[in-house]
Amino acid sequence: MPNESSALTVLGSCGGWPEPGRACSGFLLESAGARVVVDLGYGTLPRLLSLLDEPAADGLDAVVITHEHPDHMVDLHGLFRARWFGRRGAPLLPLYAPSGVFDRLKSFEDGTDEALSRVFEPWPLPAGPYRCGPFRLDSIALPHFVPNAGVRLAAPGTTVAYTGDTGPDPAVVELANGADLFVAEATDRHQQPGVAGSDSDRRCDLTAREAAALAARARAERLLLTHFWPGNDRETSRAEAAEVFPGETLVAGEGMRIPLS
Ligand SMILES: [Zn+2]
């Protein structure tokens, strides 16, 4: 029986930059009354605040950011402003992220962490495991252009694993091992002719088919594809993944709420 008090809500599902009416990577994870936001890319903050129904983001227990690219963290600075101007003096909000994320925030603050350190309590990733509200937070380094932490959040009865951005790598299978829900990037750059390829010789993103193959090897129960290149046909990504992954394959869309068992 799905436990309605545990759920993942999609704040944004685009990679790179947001399509009209959409946002970049972000998810709100809820369990046992706790709320953790995972990634805060372009356009996710207003959606998060609407879900919380609190303009200063009250009711948020922790923030997890996979890496420092703006399509995963730029709205974290907006969250900082909401807390700094709206709730100065409130308890610190735990921020789990690679150190480069905090450095990017500092660059928006003229190079100082004076105000930031009065809003956030930073904890490094990959590291831990941490106790994050009702969740155990595990993390693992995955290949990307900058340090990227794949994260795994487990509460009684449910485990969610999320790649952030990654190339194909055995560590992804370790991350997603037996997860109830595996949230995988499916950038599918190849889908549209003329889309620029990766700037690196290393593989730093996935196709939907690769994400599905990794999910199958990990024996994940359900697969949620996300981080679609703007303009991609998401049903094509779903169909390609479904050829490889035997479980249920979901396609992320803004506002989608997935109950977790
Ligand atoms: Zn990205």
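## Cavities and pockets

On a 1 Å grid over the protein atoms alone, a cavity is a set of points where a 1.4 Å probe fits but cannot get out, while a pocket is an open set with protein on both sides within 12 Å along at least five of seven lines; lining residues have an atom within 4 Å of a point. Points are joined across faces, edges and corners, and a volume is the space filled by probe spheres set on them.

This is a predicted model, in which local features need pLDDT of at least 70 and side-chain atom pairs count only at pLDDT 80 or more, but totals for chains, interfaces and linings use all residues. Residues are numbered from 1 along each chain as its sequence is written, and side-chain values use heavy atoms, with hydrogens and water left out.

## The largest pocket

Let's start with the open space. The largest pocket has a volume of about 180 Å³. Its lining has 15 residues, and H69, D71, D165, R189 and H227 are the closest to its centre. The lining divides into five nonpolar, five polar and five charged residues (Ala, Val, Leu, Ile, Met, Phe, Trp, Tyr, Cys and Pro count as nonpolar, Asp, Glu, Lys and Arg as charged, and the others, Gly among them, as polar).

How many cavities of 30 Å³ or more does the whole structure have? There are two. The largest cavity holds about 60 Å³, and its lining residues include R83, W84, R118 and V119. By class, that lining has four nonpolar, one polar and four charged residues.

The second largest cavity holds about 60 Å³. Its lining, with L8, F27 and Y162 among the residues, has 10 nonpolar, no polar and no charged residues.
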